[in-house]
Amino acid sequence: MNPNLTRLRRSMMFLNAQKPSLIKDPYIYKPDSIMLDLEDAVAENQKDAARYSLYHALKEIDYRGVERVVRINGLETPHWKEDIRVCVAGRCDSIRISKTESAADVLAVEAEMKKAEEEFGVEHGSILIMAALESCKGVMNAYEICTASPLLFGCALSGGDYTKDLQTKITGTGVELMGARQSMIIAARAAGKQCFDTVFTNLDDMEGFRKEVEMIKMMGFDGKSIVNPRQIAVTHEVFTPTEKEIIFAEKVVKEVDDKKAKGIGVFTVDGKMIDIAFYPGAKRTIEMAKAAGVYEGDL
C-alpha cells in the first residue's frame, strides 16, 4: 500500500501550473501539499503551455517533500486525457479529478492513468487520486466516489461551483455549505478516506479564516484548500495537536495499555472517565503530532 494514502495534509495550496514564478519554489512556505492547477486557472487557449510548464516543473524542481497534486481538467472537456499523460510522465504524487460525480468518473481516470503508466514505465499505484466534489450530485454520491478505487486517498469540497449548483452563493456564514460538509466527512470516514474543505478567498479577513478552519477541524476534516501562503500558518496551527492534547493522548495510550493487561476496562485520566474507545483517537493524535514534527516520543 502506498504510504502517502494517509500522509499529513493540513494545507493544500492552489497554484497556476502555467506560471513559473508561482510554481518554482512554493516549498519555502512549507505547505503540506501544493495543487498545481491545469483547470480553472488556465485559459482555454493556454492548456498546452500549462502542461509544458507543469511537466518541466515536476521533472526539474525539488519540492523538498511537499506533495505535488495536479488538478486536471474536467472529464467533459477534451483536455483531461492529455493532462493525465503529462502528470504520469512527470511523475506527480496525486491527480485531482475536477467535478467528480460518480464512481465511474474515478474509474475512467484510473484507466487512463494505467495507459499512461504503461507508456512511460511508471509503477501502477505510485500516483494517487483525489476527487473534487463540486455539485449536488457529487455530494450525494460521496460514499460511492470514496470507495471507487484503492488509489483514491480522499475527497475535497469545491464550494464555489457547489453553491452555484445549489442555486445560492458563498455567504461567509457557512450555512450554505453545512450540508455538503457534513455529508462528505461522514462518507469519507465511512470509506476510510481523508476529507478536505474548500478555499476561503477573502485574504483580508484572517479572523474569519481562522474561525472557519477551527470549525472544519471540529467537524472532522483533515485539512483545508488554501489560495495564499498567508493562510498556511493558521491552518497548520489549528490542525496540529497542542502540547496539552499530546500529553493527554500519551497518558491515555499508556493507561489503556496498562489497564488492558490487568483486565481493567474503565478508569480515569486527569479526572476524566476513559475506556478502550478513547484509544484510537489518542493514537491518531500522537501520529499527527509525529507527522507535524512536534512529537519525538516512543509511542
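Reply: Let us begin with aromatic pairs: rings of Phe, Tyr and Trp (its six-membered ring) pair if their centres lie within 6.5 Å, and planes under 30 degrees apart count as stacked, over 60 as edge-to-face and the rest as tilted. The structure holds three aromatic pairs by this rule. The model is a predicted one, in which local features need pLDDT of at least 70 and side-chain atom pairs count only at pLDDT 80 or more, whereas totals for chains, interfaces and linings use all residues. Residues are numbered from 1 along each chain as its sequence is written, and side-chain values use heavy atoms, with hydrogens and water left out.

Me: What makes Tyr 27 and Tyr 63 an edge-to-face pair?

Reply: The ring centres of Tyr 27 and Tyr 63 are 6.4 Å apart, and the planes make an angle of 80°. Tyr 27 belongs to the loop between helix 1 (20-23) and strand 2 (33-37), and Tyr 63 to the loop between helix 2 and strand 3, so the pair ties together parts that are 36 residues apart in sequence. Helices (H or I, at least four residues) and strands (E, at least two) are DSSP runs, numbered from the N terminus.

Me: Why is the pair of Phe 153 and Phe 196 called edge-to-face?

Reply: Their ring centres lie 6.1 Å apart and their planes stand at 80°, so the pair is edge-to-face. Phe 153 is part of strand 6 and Phe 196 of strand 7, so this pair ties together parts that are 43 residues apart in sequence. Both Phe 153 and Phe 196 are buried.

Me: How do you know that Ser 158 is buried?

Reply: Buried means under 20% relative accessible area, exposed over 50% and partly exposed in between (1.4 Å probe, protein chains only). Ser 158 has a relative accessible area of 11%, so the residue is buried. Ser 158 sits in the loop between strand 6 and helix 7 (159-165). Leaving aside neighbours within four places in sequence, Ser 158 is in contact (heavy atoms within 4.5 Å) with Leu 133, Glu 134 and Thr 198.

Me: What makes helix 3 mostly covered?

Reply: Helix 3 spans residues 80-90, and eight of its 11 residues are buried. Among them are Trp 80, Ile 84 and Val 88. The covering elements include helix 2 (47-60), strand 3 (67-71), strand 4 (94-97) and helix 4 (103-120). Just after helix 3, Arg 91 takes a positive phi of about 60°.

Me: How do you know that strand 5 is covered on both of its sides?

Reply: Six of the six residues of strand 5 (residues 128-133) are buried. Leu 128, Met 130 and Ala 132 point one way, Ile 129, Ala 131 and Leu 133 point the other way, and all are buried. Strand 6 is also mostly covered, with six of its six residues buried.

Me: What shows that strand 5 pairs with strand 4 and with strand 6?

Reply: Two strands pair if DSSP finds at least two bridges between them. Four bridges join strand 4 to strand 5, and five join strand 5 to strand 6 (residues 152-157); each pairing is parallel. Ile 129 of strand 5 stands opposite Ile 95 and has Leu 152 in strand 6 as a bridge partner.

Me: Which element does the chain pass through between strand 4 and strand 5, and what is the hand of that crossover?

Reply: The chain passes through helix 4, and this β-α-β crossover is right-handed. The term applies if, with the strands pointing away from the viewer, the path from the first strand over the helix to the second runs clockwise.
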